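Subject: A structure for you to look at

Hi there,

Here is the structure I promised to pass on. Please open it next to this message and follow along as you read.

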Amino acid sequence: MDLSFNAEERAFQDEVRGFIVKNLTEEMKRATALTPSVFSDPDIGMAWQRALHRQGWGAPGWPVEYGGPDWTPAQRWIFETECARAGVPNVNVMGVKMVGPVIIGFGSPEQKNFYLPRILSGEDYWCQGYSEPGSGSDLSSLKTRAVRDGDDYIINGTKIWTTHAHHANRMFALVRTSDRPRQQDGISFVLIDMKTPGITTRPILTIGGDHEVNQVFFDDVRVPVANRVGEEGKGWTYGKYLLEFERGSGIASAKLREGLKAIADLAESDLTGRAIDSPDIAARISEVEVDIDALEMTELRVLSALQTGQNPGAVSSILKLRNSEIRQAVTRLGADVIGHDALAVEPMRPLYKLNHEPAIPEEMLTVMPEYLNGRAYTIFGGTSEIQRDIIAKMMLGI
Amino acid sequence: MDLNLSDEQKLLRESAERFVAESYDADHRRKTANDPLGFSPLVWKQFAELGWLALPLPEEFGGLGGGAVDLGILMEAFGRGLVSEPYVATVVLGAALIARCGSTEQRQASLPKVADGSLKLAFAHSERAARFDLAEVATSANKTAQGWRLAGSKIAVLDGHAADQIIVSAHIHDHRGPSGRIGLFLVQATTPGLVISDYPRLGGGRACNIELFDAHLPEDALLGDGGDALPAIEWAVDRAMAALGAEAVGIMQTLLDTTLEYTKIRKQFGRPLSANQVIRHRLADMAMQVDEARSMALRAALKVDAAPAERARAASGAKAKIGKCARFVGEQSIQLHGGMGVTEELEVGAYFKRLVAFDTLFGGSAHHYARHALLGRRAVSA
């Protein structure tokens, strides 16, 4: 066993660092640091995606024939870690990490040829149509209906919590194409052009003051049957495949560590009256840091297993659950560290383009919005309760 | 970067797990618990034959040169069976200190005997007033014309009653007075003035308190050249905490397996306990914490040879986190067993008590989070 990287891996690390230094502008860095929601605004995130694409790194997890860089798990680890350390923008994962793998796995040759290059280049911006007002954790009860009419489906219904639907030009969605006795069997996976007539989007503001999610309404929306991925009625299988990616794509510890470092820096600064001098705060920082260490080791263990072709299984649920809980712990700590300044939550967005002097120092601007918005970490992508159900079922057999 | 077990390590794990499964059943544990020795000399002999006593010792002194990860594999298997042999006292602490601090003669005199099972050791360091501060030692070693004179009290000495030699830490006083150095002294168990009062240790095995009433030791009782041994003590304890962490993981895994099985069999309200979501989620949390503890024990093992500050932070982080996980898994195992969990009739309680002993030994979670924080701030300000 060995925790250190070999010469080849260290050379790759240097290459990644070199790439970041060359391509990460001060503007992107500042915008990312001052973004209290999960994803960067598209102008920031897509600029980074284009830079990655120019380098041939647009889709780290894809097979090489579709434009992936053919990295080993260790290289992916290094890449993600260096990106987190440098504070690069969060690119739209709905394209690269979510719909991309589904199209690669189950799409037609035409779909692959059309969509995959546009995801890589950043030309397309995707959103995910899964949850509905009546179907959250019980996703397979979804009611948005697609009725066959010649070469089209006609779609009616509504999707909710649709991240960046107001920016996206495409949506991948789970829709009901039949009423089979087993709910899961009547679901299909379709790709929708957001400019299709009949689609409207309603913004939803989250408690931190950000507009990141939306509700999307479908009113007789015509989608070509050719836009269905894979077989009719198999959408649930494809959708679950994707959710495993969403949960297990996790090389999350590096980002958590940077988040904690920002809070620890604040705690050691005069801006917070040196909060770290309180033994309680100091010990809590250590407690969270140790939790990150544990998560990192689990990620590395999974990575090592992947290198030898083993399947990590339900560990992806453990990673999702712990990542979300630790993220919340970091934000909670942050809220405590800034003390009275937690009362001044800046309402204007984006925080990196304020046209007035904020009430609190810039270093603190994201702390409370992140704490507040961060309550969602244990809800989206399958709630913690659903993850515990999966762990009990898959790992413990109960 | 590679965290997969080598073929040799897989073999070690298999043989250790098999041995523990075959030799360590509830009957065996009950027998040794009531035994004044607290372990089985026969099993100790088997450990020697299997090469486990030699495992982490240097090859030039009859050892196998195994690393902390190998040691962790063995300790995790020991945890699964609640092994009570004085392995930590003799091999993990005692032999390690001799290997690190001893002169060539001292190492040659002791280590091959540890490897073949003919020499048992213990490490007497903790003192009541010091709590968990490794640097605080009131026991004194005064230089005399013939050698050394030791005076002081030690507590919580693991398996000291069974040791042939006890390594005692003491502040060195020479003719100029206190030197500010801590020395390690190899004290024969038969030394006049050495009084051992042993007791059954929480969770199995034994421990003792030690009094040194002006015990006279020969010149060569001092390990090495008399340089300050505190860094070596910190190193040995960090290493032992990593090994004990792996043992705790084994204990937790057994508790999880046992509790899971029980919730499937035990029926209330006409269905198994495990049919209730609240129970399933509790077990999921337990499984998750066992997994986190496993990650931390491995991390501490992989960092035992790192620079002192990094090693110490990894060891304290692991001790704190595993201790926290251990309390949760242990307490919930009892909770889910209901009233039976609180009785001596099931072994859940014995496993739980060993976990509590683990959390207590060398300082609990709160102590180690604080040490971790302090070391971190030193690293930042350096």
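Predicted model: local features only at pLDDT ≥ 70, side-chain atom pairs only at ≥ 80, totals over all residues.

Let's begin with where the chains meet. Chain A puts 30 residues into the contact, and chain B puts in 29 residues. On the side of chain A that touches chain B, the elements giving two or more residues are α9 (279-307), α10 (315-337) and α12 (384-394). Of these, α9(A) gives the most, with 13 residues. Sorted by class, this side of chain A has 18 nonpolar, five polar and seven charged residues.

Next, the core. In soluble globular proteins, nonpolar side chains tend to be buried together. Here the largest nonpolar core has 231 residues. Those with the most contacts inside this core include Leu97(B), Phe185(B) and Ala297(B). Helix α7 of chain B, residues 230-265, gives the most to the core, with 19 residues.

Last, a hairpin in chain B. Strand β6 (residues 194-200) and strand β7 (residues 206-218) of chain B run antiparallel, joined by seven bridges. To see the pairing, find Asp198(B), which stands opposite Cys208(B) in β7(B). Five residues lie between the two strands of this hairpin, and Gly203(B) in the turn has a positive phi of about 85°.

Enjoy exploring!

Best wishes

Terms used
Residues numbered from 1 in each chain as written. Chains lettered and ligands numbered in written order. Pairing = 2+ DSSP bridges. Helix = DSSP H or I, 4+ residues; strand = E, 2+ residues; numbered from the N terminus. Contact = placed C-beta atoms within 7 Å. Nonpolar A, V, L, I, M, F, W, Y, C, P; charged D, E, K, R; others polar. Core = buried A, V, L, I, M, F, W, Y, C linked by C-beta atoms within 7 Å. Buried ≥ 20, exposed ≤ 12 C-beta atoms within 10 Å, placed from the backbone.
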